[in-house]
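Please brief me on this structure. Start with the overall fold, then move to the details.

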Amino acid sequence: MAALNFTHSDPSTFILMGIPGLETAHIWISIPFSIFYIISLLGNFMLLSVVGKEQTLHKPMYLLLCMLALTDIATPTFVVPKALGIFWFNLKGITLAGCLIQMFFLHTVSVMHSATLVTMAFDRYVAICNPLRYATILTNARIAKLGLVGLIRAVLFILPLPLLLSRQPFCANRIIPHTQCEHIAVVKMMCGDITITKIYGLVLMFVVMGFDLTLIVLSYILIIRAILKISSKNSHQKALNTCTAHICVMLIYYTPSLFSNLTHRFGQGIAPHVHIILADLYLLIPPMLNPIIYGVKTKELRDKVGKYFCCKK
């Protein structure tokens, strides 16, 4: 972290206000926050535990699920403890270094999550369009390498954000009307020329999400073409079922993500507390629902969960 330059504003502390306009409801808001977070942790740790213990699940698809579960554990963990500290104990202070670190890890995990969804789309494409070569194309080692590439990509894309912010002077008003150090919220605290920072953030959103969504859509166009060529109704239905869980997970991730980002940047008429609640729900809902969706839609995983957690004497 020596590369970060804090000379403009040391010693510095920001104040995270939580959800402005709803301060009196902070205690009540903390209840769903806590419930969503606990369900998310339980579901994702359960998935990791079952896949880790069960040798028959040591396959590329389940390795990808474990990667998704790790991002789903990390995402709310970078936000919820601090948010609950604000809601319960009025612990609103955060240093500039702490703020930039939170922002870096939060956005890095988000980009990594997106990369995992792209890899999962590729996995479904190979499974349906080239099933005879699936075992040779997608090995566990290759999935691990793709995961490492996704992590490196995320770090390289996100690292410039805190580096650019750390070199800018911040205004005397250090109040951030948010529960977290989201990039856009921190940018609004700067008093210098923020043109490059804003452009990079906007380009990053469209490049990462645009590129990843393009690859996913392309994969599913090829998948649909392959499914339409299947004559057997049973095989047709089975092929569709293998994609259902991934499509659900993809929709609950990208839809609120795009909506939250676009309304935060361009929705000037929307109340601030709506922006903040949307941003928080985007970080809480997908990690909670993902293990439930895969547990319900994947029979093999559902059976193993039942074996370990429902049928023990």
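The chain holds twelve helices and three strands; these are DSSP runs, numbered from the N terminus, with helices (H or I) of at least four residues and strands (E) of at least two. Its radius of gyration is 21 Å, close to the 20 Å of the globule rule for 313 residues, so the chain is as compact as a globular protein of that length. That radius is taken over C-alpha atoms, and the rule is 2.2 Å times the number of residues to the power 0.38.

The model is predicted: local features need pLDDT of at least 70 and side-chain atom pairs count only at pLDDT 80 or more, while totals for chains, interfaces and linings use all residues. Residues are numbered from 1 along each chain as its sequence is written, and side-chain values use heavy atoms, with hydrogens and water left out.

**Overall build**
- Along the principal axes, the C-alpha atoms fill a box of roughly 65 × 45 × 40 Å.
- Of the 313 residues, 48% are buried. Buried means under 20% relative accessible area, exposed means over 50%, and partly exposed lies in between (1.4 Å probe, protein chains only).
- Take the contacts between residues at least 6 apart in sequence: 80% of them join residues at least 24 apart. A contact means heavy atoms within 4.5 Å.

**Surface and charge**
- The chain exposes about 15400 Å², and carbon and sulfur atoms supply 72% of that area. The areas come from the Shrake-Rupley method with a 1.4 Å probe; for residues, only the protein chains shown count as cover.
- There are 25 positive and 11 negative side chains. Lys and Arg count as positive, Asp and Glu as negative; His and the chain ends are not counted.
- The centres of the two charge sets lie 10 Å apart. Each charge is placed at NZ of Lys, CZ of Arg, CG of Asp or CD of Glu.

**Aromatic rings**
- The whole structure contains eight aromatic pairs. Rings of Phe, Tyr and Trp (its six-membered ring) pair if their centres lie within 6.5 Å; planes under 30 degrees apart are stacked, over 60 edge-to-face, and the rest tilted.
- One of the pairs is Phe33 with Phe87, which is edge-to-face at 5.3 Å centre to centre and 80° between the planes.
- Phe33 lies in helix 1 (residues 26-53) and Phe87 in helix 3 (residues 80-89), so this pair ties together parts that are 54 residues apart in sequence.
- Phe33 is buried at 7% relative accessibility, and Phe87 is buried at 5%.
- Phe78, Phe104 and Phe105 form one aromatic cluster.

- Leaving out residues up to four places away in sequence, Ser34 touches Leu84 and Trp88.
- Glu54 belongs to the loop between helix 1 and helix 2 (60-77). With 8% relative accessibility, Glu54 counts as buried.
- Beyond its neighbours within four places in sequence, Glu54 is in contact with Lys304, Lys307 and Tyr308.

**Helix 9**
- Leu222 is part of helix 9 (residues 195-228). Its relative accessible area is 31%, so Leu222 is partly exposed.
- Setting aside residues up to four places away in sequence, Leu222 touches Tyr125 and Cys129.
- Leu222 and Lys233 are eleven residues apart along the chain, and their C-alpha atoms are separated by 19 Å.

**A backbone detail**
- Asn90 lies in the loop between helix 3 and strand 2 (93-95).
- Asn90 is not a glycine, yet has a positive phi of about 60°. Most residues other than glycine have a negative phi.
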